[in-house]
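Colleague: I'm new to this one. Could you show it to me and let me ask how you know what you say about it?

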Amino acid sequence: MKQLPQTTLVPELKACSSLQDVCGFLDKSRGARSHVWVCAAQYAMALAARSAVGATRDFDAALSVANSLSRAKSEIDIVCWHSQRVIAETEFILRAAQDFLDENTIPCNEWPFPQEICDEVERVVAQRAPGNHALR
């Protein structure tokens with residue numbers, strides 16, 4: 001698993017290995033600055049994509065990554081009190097994954113593998129990390 005910039009910007013995220021861990025962190029960090037919430041939301045979306053990648057490569061497996069991201073978006077938005085900055089981030093990441101799936105699908109015979117969708121999500125998350133840092 002490659003390191004994402006969010007774990008450098010918010011070192012506490014290194015201890016989080018699942019969406020539920022990040023949601024717990026977000027719940028405890030209610031007074032944190034908004035960039036902490038944004039980093040955590042981005043990282044949680046990447047973890048949601050990673051957790052949905054299985055061994056199969058059929059279209060349903062590809063959809064499961066998008067479905068996992070959609071569910072994660074809802075959970076993250078709720079735990080962040082529907083913060084506008086967090087909603088914008090989770091929406092952007094979900095839309096990027098959905099667009100990637102749509103643009104790389106030829107109905108009935110070709111679609112991206114789940115790992116490819118996850119890689120696209122991680123690319124977007126790394127690119128959108130706030131601040132100026134070496135991992136960008």
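Predicted model: local features only at pLDDT ≥ 70, side-chain atom pairs only at ≥ 80, totals over all residues.

Colleague: What makes up the secondary structure of the protein chain?

Modeller: There are 6 helices and 0 strands.

Colleague: How do you know what span helix α3 should have?

Modeller: The expected span is 1.5 Å times one less than the number of residues. For the 19 residues of α3 (residues 34–52) that gives 27 Å, and the end C-alpha atoms are 27 Å apart, so the two agree.

Colleague: Why are α3 and α6 called roughly antiparallel?

Modeller: Their axes cross at roughly 170° and come within 9 Å. Axes here are lines fitted to C-alpha atoms, for helices over the stretch in contact, with angles from 0 to 180 degrees between N-to-C directions. Under 35 degrees counts as roughly parallel, over 145 as roughly antiparallel, 65 to 115 as roughly perpendicular, and the rest as oblique. So α3 and α6 are roughly antiparallel.

Colleague: Which residues make that contact?

Modeller: Q42, M45, A46, A49 and R50 come from α3, and C118, V121, E122, V125 and R128 from α6. Contact means heavy atoms within 4.5 Å.

Colleague: Why is Q42 called buried?

Modeller: Buried means under 20% relative accessible area, exposed over 50%, and partly exposed in between (1.4 Å probe, protein chains only). Q42 has 0%, so it is buried. Leaving aside neighbours within four places in sequence, its contacts include Q6, E89 and I93. As for its helix, 16 of the 19 residues of α3 are buried.

Colleague: And what about W81, is it buried or exposed?

Modeller: W81 has 54% relative accessibility, so it counts as exposed. It lies in the loop between α4 (59–79) and α5 (84–103).

Colleague: What is the phi of W81?

Modeller: Phi is near 60°, a positive value in a residue other than glycine. Most residues other than glycine have a negative phi. C108, in the loop between α5 and α6, also isn't a glycine and has a positive phi of about 80°. At 82% relative accessibility, C108 counts as exposed.

Conventions. Residues numbered from 1 in each chain as written. Heavy atoms only, no water. Helix = DSSP H or I, 4+ residues; strand = E, 2+ residues; numbered from the N terminus.
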